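Let's read a protein model together, one feature at a time.

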Amino acid sequence: MSERGALRTRLDLLAREVAKFGAVGAFGLVVNIAVSNLLWRTTDLQVVRAGLLATFVAILFNYIGFRYWTYRDRDKTGRTRELTLFLLFSAAGAVIENGVLYVATYGFGWNSPIQSNVFKILGIGIATLFRFWSYRTWVFKALPAKETVLSAEGFLKQRRTEQVPRAEADPVRR
């Protein structure tokens, strides 16, 4: 495979990973915002405490999506280590996410329902960048190079069969 072809394959795989990460994250966002709003309207919890609780509910949802869909092809050994690191980096992301909400609420006094939602989503956006980097780098470790190459070759074969019409793909039928 040429250097250009290898780069193209890596970019295709990265694009698929980002799309899957984004899909799981979008569902996590819905869970996070729904639980936050539910807690803000039905309990006497403070804004940031309710937001933090909603973040942890979304984190549990996201772990299942990441492990069994986004990163299902990654190394599955050491689940205890994986879960520990996931929770550690998720907690750091929760601090980033709810830190933005805290500064807006208590630093600037912006705590109307709309403002709380805007700063909750802004915090989630910033924390998502950190989480993507940390999860793919430290938590869901890539398989060794040999297995990655085999996976990439399988991906290329699948792409070729999807893009090439059947008559051209089968030399006997020409």
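Q: What do the buried residues of H4 pack against?
A: They pack against helix H1 (3-42), helix H2 (47-70) and helix H3 (79-107). Helices here are DSSP runs of H or I with at least four residues, strands are runs of E with at least two, and both are numbered from the N terminus. This is a predicted model, in which local features need pLDDT of at least 70 and side-chain atom pairs count only at pLDDT 80 or more, while totals for chains, interfaces and linings use all residues. Residues are numbered from 1 along each chain as its sequence is written, and side-chain values use heavy atoms, leaving out hydrogens and water.

Q: Which residues of H4 are buried?
A: Buried means under 20% relative accessible area, exposed means over 50%, and partly exposed lies in between (1.4 Å probe, protein chains only). In H4 the buried residues include Ser116, Lys120, Gly123, Ile124, Ala127, Arg131 and Tyr135. An α-helix has 3.6 residues a turn, so residues three or four places apart point the same way.

Q: Where is the kink in H4 centred?
A: The bend at a residue is the angle between axes fitted to the seven residues ending there and the seven starting there. H4 (residues 113-139) has a kink of about 25°, centred on Ala127. Ala127 is also one of the buried residues of H4.

Q: What is Glu97 in contact with?
A: Contact means heavy atoms within 4.5 Å. Glu97 lies in helix H3 and counts as buried because its relative accessibility is 1%. Leaving aside neighbours within four places in sequence, Glu97 is in contact with Asn32, Thr55, Lys120, Gly123, Ile124, Ala127 and Arg131.

Q: Is Ser36 buried or exposed?
A: Ser36, in helix H1, counts as buried because its relative accessibility is 0%. Not counting residues up to four places away in sequence, Ser36 touches Ala50, Gly51, Ala54 and Lys120. The C-alpha atoms of Ser36 and Ala50 are separated by 5.8 Å, although the two are 14 residues apart along the chain.

Q: And what about Leu87?
A: Leu87 lies in helix H3, and with 42% relative accessibility it counts as partly exposed.

Q: Which residues touch the most other members of the largest nonpolar core?
A: A nonpolar core is a set of buried Ala, Val, Leu, Ile, Met, Phe, Trp, Tyr and Cys residues joined through side-chain atoms within 4.5 Å. Of the 13 residues in the largest one, Phe21, Phe66, Tyr71, Phe86, Tyr135, Val139 and Phe140 touch the most other members. H1, H2, H3 and H4 each supply at least two residues of this core. Apart from it lies another core of 11 residues, among them Val35, Val48, Val100 and Ala104.

Q: What is Tyr71 in contact with?
A: Beyond its neighbours within four places in sequence, Tyr71 is in contact with Glu17, Phe21, Phe66, Phe132, Arg136 and Phe140.

Q: How many helices and strands are in the protein chain?
A: The protein chain has six helices and zero strands. Buried residues make up 34% of its 174 residues. Among contacts between residues at least 6 apart in sequence, 74% join residues at least 24 apart.
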